[in-house]
Structures are given as C-alpha cells and as structure tokens.
Amino acid sequence: MKTLQDIKHVLVLGSGTLGLRVALACALNDYNVTVYDIKEKAFEQALRIQNELIGQLVKSERISKEIAEQALKNQIFTTNAQEAATHADLVSESVTEDLELKKKVWAEFGELCPKHTIFTTNTSYLIPSLFAQETGRPNLFCALHFHDVFYANVVDIMPNPQTEDWIIPLLKEFGQSIQQTPVIIRRESPGYIFNAMLMALIGAAGALVTFDVSSIEDVDRSWMGNFKMHMGPFGILDEIGLDTAWHVTSNLKDEKSKRFSKLLKHHVDQGKLGKKVGEGFYSYPNPRFQEEGFING
Ligand SMILES: NC(=O)c1ccc[n+]([C@@H]2O[C@H](COP(=O)([O-])OP(=O)(O)OC[C@H]3O[C@@H](n4cnc5c(N)ncnc54)[C@H](O)[C@@H]3O)[C@@H](O)[C@H]2O)c1
C-alpha cells in the first residue's frame, strides 16, 4: 500500500474521548470506520457525544444534515477483535494511556490485522518506540496524534526510528483528508509539539495549587484574563479527562508532578473524570468559568 486511495477502511481502537472523535472525523470524510472497544458500554457514551458534536457541526453549518446521517452509517461498533481487524487498511489506536495495555493491544492487533495495514497510535506522552516491537511491524508504525479533532484540528506525525519514509507523506495526506492540519515531528520527543508546551503550563498551574500559592479558579482566571481565552489550565484538564492526565503525571517522579498526580488521583477516585462525565474540577454543562462575571472574581 502506497497511496491515500488505498486507505478505505479505518479501524479505531478505543471508543473513548479521542477514539470517538477520530472515528467520527473519518466517517464524515467517507471512510468506512470500525470502532473496537472491550466495553460495550463505551459505545453508548461515544454515540451520545458524537450526536452532540454532529449537532454543533450542523448548527454552525460546517456540515449538512445529509453528511451527518451518512457518517453515522459509515461506522460499525464492535467488541469482536477478529471482526474489527479483518478489513483494516489503517489502525488509529486510542486506548487508555497505559504502556502495558498498549503493548497488549498492539500485540493482539499485530497478529489479527492484514499484512498491509498501517498502524498509528494516538498516545499523548508515551514514546511510540516503547511499544513499536509489539506491533510486529515497527516499519509501518507511526504516531498520529490528534488534539480534540473538531476545534483543535492539528495532527502530530511522529515516526519511530524504524518507520519507513513513505509513511510520513501518506499520513500527512490522510490527516488533510479528515480536515486536520498535519505537523511533522522529526524525531521521537515526549509530548510532540503542542503537548510539550501545554504540559509545562499545566505543570506550573498544578504546582501553584498543590503548593497552596493560589486557588484553581484564580489560576484559571489569571490565564483567561491575560490571554483572553475562554478557559484556563484546569478547564483544559477537564476537557482532556482527569484520568488521562493522571496516567501521564503518575509516570513523573519529581516533587511537583507527584503532588499534582495526587490531586488528580483524588478526583479520579471520586469518579470526577472531567467534562465527559459532567464533573471534574468544574461541573458541566455550565462550568463556573463560563459564567458571566467569572473573570471579574
Ligand atoms: N483525552 C484527550 O484529550 C486526548 C488527546 C489526544 C490523545 N489522547 C490519547 O488518546 C488515548 C485515549 O485517551 P482517551 O482520553 O480517549 O481515553 P478514554 O479513557 O476516554 O478512552 C479509552 C478507551 O479505551 C478503551 N479500552 C481500554 N482497554 C482496551 C482494550 N484492551 N481494547 C480496546 N479498548 C480498550 C476503554 O474502554 C475506553 O473506552 C490515550 O493514549 C491518550 O493519551 C487523548
């Protein structure tokens, strides 16, 4: 396989926050999409959120109702790994940010997928070569890391040392075909481009709170007031998912990160996973930071 025309069927592994968005973007752009997850229940939540996203896209006239209806028909959801793998031309993996889990999932799909299938991972902070061997084809494996897909539509393309050269321009074209702006990371580097910068911001925000320098709301207020942005670092964390953020910080060993990880774990243990469940640092659908007057304290 060498050209974009050869990619017709996309398999998305993991039907959570990112998987459901990548799947929908592909389905909206005429790819046949299979979404695989181990939890049947994840599909209910995915469809609910996809319908909300579709509603927003139709309302803002970014897509027509007909395209939205067709997109939903372009997707199949399954917990059957063999069935999911059969027709895959490209796999986009979005399972939980956990190295051992990713190794396990890639070992399984490395066996099940056809020999020509291109493998991509959406990992946020893990270095892909940590699990490239498990895929059984590190030469066809590359990080293709999305942000929120519909509003922050940059996609990071980061090869591992064994990725064949032709994969990069092909993934660039694939990214463009689903309305993303591709950026190339020449060598493996934690956090790609944007996440490397974002992590520095979020780490600093976490330290301000865990060292009791300021409150969550004032940290967000400061960022929003200075940059005229509609959310601050803790609002961003709620969007990302506090469980996903915790998986990232739990691997870091410095004192600031350990304290921040403890704060995130405290919320995760209470089921406060962020916007996706209606409760994180803020409550949804109407978080405090979106209220009129929030910025004035
Ligand atoms: N949340 C974000 O903003 C964001 C942005 C970019 C990239 N990512 C990355 O995307 C990946 C997924 O993150 P998320 O936020 O969507 O997580 P999530 O927790 O919302 O979803 C993860 C999904 O993986 C499923 N899963 C777990 N084990 C599985 C298995 N063995 N096989 C198939 N599915 C399995 C879970 O059931 C769940 O539905 C992570 O690597 C994360 O770093 C997340």
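Let's start in a loop: Tyr 192 sits between strand S8 (181–184) and helix H7 (194–210). Keep in mind that everything here comes from a predicted model. Tyr 192 has a positive phi of about 55°, although it is not a glycine. Why does that deserve a second look? Most residues other than glycine have a negative phi, and most peptide bonds are trans.

Lys 228 has a positive phi too, about 55°, and is not a glycine either. You'll find Lys 228 in the loop between helix H8 (216–227) and helix H9 (233–240). Are these residues buried or exposed? Tyr 192 is buried, because its relative accessible area is 5% and the cut-off for buried is under 20%. Lys 228, on the other hand, counts as exposed.

| Residue | Relative accessible area | Class |
|---|---|---|
| Tyr 192 | 5% | buried |
| Asn 32 | 40% | partly exposed |
| Lys 228 | 70% | exposed |

To find Pro 285, look in the segment after helix H11 (255–269).

Now for Asn 32, which belongs to strand S2 (residues 32–36). Which residues does Asn 32 touch, leaving aside those up to four places away in sequence? They are Lys 8, His 9, Val 10 and Asn 74. Gly 136 is 104 residues from Asn 32 along the chain, and their C-alpha atoms are separated by 25 Å.

Next, a pair of helices. H1 (residues 17–28) packs against H2 (residues 40–59) at an angle of about 50°, and their axes are 10 Å apart. That angle makes H1 oblique to H2. The crossing of the two is right-handed. Where they meet, H1 brings Leu 20, Arg 21, Ala 23, Leu 24 and Leu 28, while H2 brings Ala 46, Ile 49, Gln 50, Leu 53, Ile 54 and Leu 57. Sorted by class, this contact has 9 nonpolar, 1 polar and 1 charged residues.

Finally, zoom out. The protein has 11 helices and 8 strands. Its radius of gyration is 19 Å, close to the 19 Å that the globule rule gives for 297 residues, so the protein is as compact as a globular protein of that length. Along its principal axes, the C-alpha trace spans about 55 × 45 × 35 Å. Of the 297 residues, 49% count as buried. And among contacts with a separation of 6 or more, 67% come from residues 24 or more positions apart.

Technical notes:
Residues are numbered from 1 along each chain as its sequence is written. This is a predicted model: local features need pLDDT of at least 70, side-chain atom pairs count only at pLDDT 80 or more; totals for chains, interfaces and linings use all residues. Side-chain values use heavy atoms; hydrogens and water are left out. Axes are lines fitted to C-alpha atoms, for helices over the stretch in contact, and angles run from 0 to 180 degrees between N-to-C directions. Helices (H or I, at least four residues) and strands (E, at least two) are DSSP runs, numbered from the N terminus. Angles under 35 degrees count as roughly parallel, over 145 as roughly antiparallel, 65 to 115 as roughly perpendicular and the rest as oblique. A crossing is left-handed if the near helix is turned anticlockwise from the far one by less than a right angle, and right-handed if clockwise. Contact means heavy atoms within 4.5 Å. Ala, Val, Leu, Ile, Met, Phe, Trp, Tyr, Cys and Pro count as nonpolar, Asp, Glu, Lys and Arg as charged, and the others, Gly among them, as polar. Buried means under 20% relative accessible area, exposed over 50%, partly exposed in between (1.4 Å probe, protein chains only). The radius of gyration is taken over C-alpha atoms; the globule rule is 2.2 Å times the number of residues to the power 0.38.
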